[in-house]
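Hello,

Here is the structure we talked about. Please open it alongside this note; my findings follow below.

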Amino acid sequence: MRHGEGEGELVLEAREMIAEGRSGEEVFAGMAARTGDRGRSLRAVCVALGMPRADADARLREAEPLFTEFAAGEEEDLALVLAFGHAFVVDRVLDEHEERVRELLGTAAGARGGCPGSLFAWFRTGELTKIFLYFAQTRFRDGRGSPPDFWAAMTSAGELLAGRDGPDHAGVTAALERCRAEAAALGGGRGPASPGAGAAGSSRGR
């Protein structure tokens with residue numbers, strides 16, 4: 001690290017590179033290789049991405065055990081592992097309405113039998129419409145999951161999403177109609193299971 005190069009300078013440098021279109025993963029790999037300080041580099045990138053400092057410190061604590069597994073010169077490999085673990089994902093703070101939608105989608109994920117790991121980041125960043133539209137394409141096979149609970153939760157989530165305008169409003173409305181039809185075909189009387197960490201289930205389903 002250059003003499004006098006403190007964390008503030010690293011954050012500014014990271015912000016400039018991110019503004020140029022580089023990913024957090026790329027910025028971290030380059031900065032860590034140049035400075036030799038993986039911890040300060042990761043924290044600087046997280047802050048530059050917009051995370052509160054407390055969240056950036058938490059990401060650093062989670063990542064530190066990995067640092068010793070990669071030798072000098074392997075910063076790009078380390079960055080890939082950190083990105084896979086969503087170290088550079090900025091969690092979005094949701095309002096009450098959005099939080100309820102996320103809970104219902106989590107319930108749907110559990111009833112579906114899980115979801116692809118790539119969707120976990122969408123749950124964290126609040127990409128609720130994307131998750132809903134993806135789940136609405138679900139086809140149940142081989143007795144997996146619980147279709148009644150899934151379509152009940154999806155119908156409730158879709159109704160909340162459709163109640164707000166947005167660029168995907170037409171798509172949400174169409175998907176909601178499918179959810180209602182599927183729920184009705186199954187009897188529709190069962191309410192969704194308790195919302196929770198269903199999104200962390202296995203990646204079975206569609």
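Glu7, Arg43, Arg53 and Asp57 are linked in a network of salt bridges (a side-chain nitrogen of Lys or Arg within 4 Å of a carboxyl oxygen of Asp or Glu). This is a predicted model: local features need pLDDT of at least 70, side-chain atom pairs count only at pLDDT 80 or more, and totals for chains, interfaces and linings use all residues. Residues are numbered from 1 along each chain as its sequence is written, and side-chain values use heavy atoms, with hydrogens and water left out.

The whole structure has 14 salt bridges. Take Arg53 and Glu7, with N to O at 2.5 Å. Arg53 lies in helix 4 (residues 53-67) and Glu7 in helix 1 (residues 7-19), so the pair ties together parts that are 46 residues apart in sequence. Helices here are DSSP runs (H or I, at least four residues), numbered from the N terminus. Glu7 is buried, at 17% relative accessible area; Arg53 is partly exposed, at 44%. Buried means under 20%, exposed over 50%, partly exposed in between (1.4 Å probe, protein chains only).

Glu159 forms a salt bridge with Arg180, the closest N and O atoms being 3.4 Å apart. Glu159 lies in helix 9 (residues 147-162) and Arg180 in helix 10, so this pair ties together parts 21 residues apart in sequence. Glu159 is partly exposed, at 41% relative accessibility. Arg180 is also partly exposed, at 36%.

Arg100 and Glu103 meet in a salt bridge too (3.7 Å, N to O). They are three residues apart in helix 6, about one helical turn.

Best wishes

Terms used: Helix = DSSP H or I, 4+ residues; strand = E, 2+ residues; numbered from the N terminus.
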